[in-house]
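The following paragraphs lead the reader from the whole chain to one of its residues. Please keep the sequence and the structure in view while reading.

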Amino acid sequence: MAFIKFRADQLFDGYHLLDDQHVLIISEEGMVEDIVIADEAGDDVQMLNGILTPGFINCHCHLELSHMKGSIPEKTGLIKFVSQVMKDRHFPETEILQAIDEAEEEMLQSGIVAVGDICNNKLALPQKAKGRIWYHNFIEASGFLPQLAEQRFNRAVDISNAYTSQVIGVNSIVPHAPYSVSEELWEKIINFPGNQLMTIHNQETEDENILFLKKQGEFLKFYETFNLDPSFFQSSGKTSLQTYLSKFLPDQQVILVHNVHTSDEDLSYCQHSSYSGQLYWCFCPNANLYITGQLPHIESFIKQDCTIVLGTDSLASNHQLSITAEMKTIREHFPSIETEQLLRWATINGARALQMDNIVGSFEKGKKPGVVLCDATFSESKRLL
């Protein structure tokens with residue numbers, strides 16, 4: 001078997017940054033063989049400038065919205081953004097498929113090897129069938145009105161079955177957000193067979209908390225815009241996260257996405273709950289800046305020892321699909337966060353969140369994690385294998 005040997009200024013193995021005295025040995029097919037000291041590596045070692053790292057894991061994406069790049073103005077606020085996506089997402093299918101192809105190629109070139117992708121339809125199915133990226137397909141179900149639960153759930157099952165029939169990745173049926181899923185729909189989602197990995201849009205806007213605390217705020221107007229009668233809804237007197245978290249089953253792992261308005265009190269509640277070891281906190285900072293101009297208080301999550309992962313969200317809310325760009329934005333706003341920590345979020349943590357750490361996420365013998373070279377400032381990255 002032929003092997004390729006890489007050596008760089010630094011080598012990140014998925015857990016720790018190693019110095020330039022370490023060499024990655026990998027097969028031509030991309031299987032990790034070993035990491036050895038330079039003196040033991042022999043000849044034909046490729047010398048590179050930058051950081052060698054396993055491929056990046058994008059824990060939150062909407063590939064099917066790639067055709068909406070640039071179509072929604074920045075900083076409209078979440079509720080206007082969601083409304084525009086719902087109203088304006090319908091383009092000719094050929095345009096949507098072309099945009100999906102280009103977006104996946106962009107992710108590949110920037111070093112992304114695995115994606116947690118939100119699916120509301122079957123449009124991305126042909127692209128994923130090419131097998132270029134590992135996918136966990138999060139089939140999203142939403143329906144605020146109780147009487148819609150059966151219809152919306154059956155639609156999600158139909159999409160899930162379509163993916164399963166073509167053996168494309170792994171599927172879960174998941175709730176869209178706390179403000180868009182009725183109690184009846186929650187019950188169907190969490191009890192669907194095989195739903196061990198879940199995700200949900202969490203506290204992306206303060207109005208989400210206001211709705212659950214007081215039954216006030218902009219979401220009431222949002223419901224009226226779409227002729228949805230919210231009279232049946234009862235506020236819990238608690239934040240949205242503290243209201244819905246206990247709805248998940250004890251054995252379900254959950255990726256909470258965005259978390260812009262998650263408070264220290266919410267974090268303490270989660271860390272002291274029975275779910276604490278099953279929660280992954282996904283940040284999509286460039287999307288947050290695009291939609292609201294606000295960022296999560298990431299340092300609070302670090303202090304609470306939360307398990308953090310990264311996502312890009314969609315091209316409707318981002319200028320690119322690049323985990324490198326997400327790390328760069330975090331570094332710019334939170335300069336105290338170390339390179340090793342950011343890379344861990346982007347690799348092994350993400351792989352564990354998507355339950356793919358037996359394949360990707362670290363340079364360990366027998367894995368096929370991809371090989372990426374990036375610079376120390378996260379200004380650029382490229383996939384080598």
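Of the contacts in the protein chain between residues at least 6 apart in sequence, 73% join residues at least 24 apart. The model shown here is predicted. Its protein chain contains 13 helices and 15 strands.

The overall dimensions come next. Along its principal axes, the C-alpha trace of the protein chain spans about 75 × 45 × 40 Å. A compact globule with 385 residues would have a radius of gyration near 21 Å, and the protein chain agrees with this because its value is 21 Å. Buried residues account for 57% of the 385 residues. The accessible surface of the protein chain amounts to about 15,800 Å², and carbon and sulfur atoms contribute 48% of it. As for charge, the protein chain has 29 positive and 51 negative charges, whose mean positions lie 4 Å apart.

Attention now turns to a single residue. Q253 is located in strand β11, which covers residues 253–258. Is Q253 buried or exposed? Its relative accessibility is 15%, and buried means under 20%; Q253 therefore counts as buried.

Which residues does Q253 touch, leaving aside those up to four places away in sequence? They are Q196, L197, M198, Q278, Y280, R352, A353 and Q355. K303, by comparison, is 50 residues from Q253 in sequence and 21 Å from Q253 in space, C-alpha to C-alpha.

Definitions and conventions: Residues are numbered from 1 along each chain as its sequence is written. This is a predicted model: local features need pLDDT of at least 70, side-chain atom pairs count only at pLDDT 80 or more; totals for chains, interfaces and linings use all residues. Side-chain values use heavy atoms; hydrogens and water are left out. Helices (H or I, at least four residues) and strands (E, at least two) are DSSP runs, numbered from the N terminus. Buried means under 20% relative accessible area, exposed over 50%, partly exposed in between (1.4 Å probe, protein chains only). Contact means heavy atoms within 4.5 Å. The radius of gyration is taken over C-alpha atoms; the globule rule is 2.2 Å times the number of residues to the power 0.38. Accessible areas come from the Shrake-Rupley method with a 1.4 Å probe; for residues, only the protein chains shown count as cover. Lys and Arg count as positive and Asp and Glu as negative; His and the chain ends are not counted. The place of a charge is taken as NZ of Lys, CZ of Arg, CG of Asp or CD of Glu.
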